[in-house]
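Hi,

Here is the structure I promised to pass on.

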Amino acid sequence: MAGSSSTFVAALTAAAFATVGFLAFQASANVPADLTEPQASASSTTTRAPRDTRNPTALPARSGTGARVVYSVDDDRVWLVTEDGRPTHTFQVTPGSVDPLPGTYAVTSRSGAVTGTDGTPIEHVVRFTNVKGVSIGFSAAVDGSAPVVDPIRKTGGIRASRADANALWKFATIGQRVVVIR
């Protein structure tokens with residue numbers, strides 16, 4: 001009797017795993033493009049957002065509306081912008097070796113403290129996209145150091161100072177818009 005019970009349980013377990021695997025495959029095959037790709041228009045990928053030449057730290061024009069994080073790939077700068085369009089904080093960052101494409105994203109995950117892809121302990125990690133399997137997000141090194149960018153190693157960490165990363169951590173919760181510009 002014990003043999004038939006264990007066979008029955010094994011068969012049920014195998015069926016459950018097969019069902020979960022099939023459903024996971026179906027879900028991944030039917031993910032809407034707007035959840036996996038940036039919502040960028042053709043013009044945003046080829047032109048640079050206008051800048052105020054008299055004030056290089058001013059929020060660039062055409063960087064979106066409403067509450068958002070704005071990240072300029074060309075300037076290595078971030079702005080935290082309130083719902084009324086007013087930047088409350090801006091700071092320089094050091095990017096990794098992989099840049100996100102210009103477009104509009106949303107914060108997808110956060111981690112209080114982890115080890116970065118370069119082996120450095122980091123904190124206040126705010127992730128918003130992946131580029132060819134490389135996770136892209138903001139963070140700060142616990143020891144305050146800037147990353148040493150190795151062009152051969154694919155890293156997506158955009159490092160800020162601990163104080164700036166803390167401000168971003170408080171501002172950019174799950175779902176918060178992140179606008180990447182040139």
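**The largest pocket**

The largest pocket has 29 residues in its lining, and G116, T117, G156, G157 and R159 are the ones nearest its centre. (A pocket here, on a 1 Å grid over the protein atoms alone, is an open set of points where a 1.4 Å probe fits, with protein on both sides within 12 Å along at least five of seven lines; lining residues have an atom within 4 Å of a point.) Before you read on: this is a predicted model, where local features need pLDDT of at least 70 and side-chain atom pairs count only at pLDDT 80 or more, while totals for chains, interfaces and linings use all residues. Residues are numbered from 1 along each chain as its sequence is written, and side-chain values use heavy atoms, with hydrogens and water left out.

Two or more lining residues come from each of β5 (109–115), β6 (121–131), β7 (134–141) and β8 (157–159), with β7 giving the largest share at 6 residues. (Strands are DSSP runs of E, at least two residues; helices are runs of H or I, at least four; both are numbered from the N terminus.) The pocket holds about 380 Å³ of space, a volume being the space filled by probe spheres set on grid points joined across faces, edges and corners. By type, the lining splits into 11 nonpolar, 12 polar and 6 charged residues; Ala, Val, Leu, Ile, Met, Phe, Trp, Tyr, Cys and Pro count as nonpolar, Asp, Glu, Lys and Arg as charged, and the others, Gly among them, as polar.

**The sheet with β5 to β8**

β5, β6, β7 and β8 line up in that order as an open sheet of 4 strands with mixed pairing. (Two strands pair if DSSP finds at least two bridges between them.) β5 and β8 are the edge strands with a single partner each, so one side of each has no neighbour in the sheet. From one strand to the next, the twist averages 30°.

β5 and β6 run antiparallel over 6 bridges. T115 has P121 of β6 as its bridge partner, and R110 sits opposite V126 in β6. The two strands make a hairpin with 5 residues between them, and G119 in the turn has a positive phi of about 90°.

**The other sheet**

The second one to look at is an open sheet of 5 strands, ordered β3-β2-β1-β9-β4, again with mixed pairing. β3 (87–92) and β4 (103–106) are at its edges, each with a single partner strand, so one side of each is left without a neighbour. β4 pairs with β9 in the antiparallel sense over 4 bridges, and G103 has V180 as its bridge partner in β9.

**A salt bridge**

There are 3 salt bridges in the structure, meaning a side-chain nitrogen of Lys or Arg within 4 Å of a carboxyl oxygen of Asp or Glu. One of them joins D74 and R182, at 3.5 Å from N to O. D74 is in the loop between β1 (68–72) and β2 (77–81) and R182 in the segment after β9 (177–181), so this pair ties together parts 108 residues apart in sequence.

Cheers

Notes
Axes fitted to C-alpha atoms, helices over the stretch in contact; angles between N-to-C directions.
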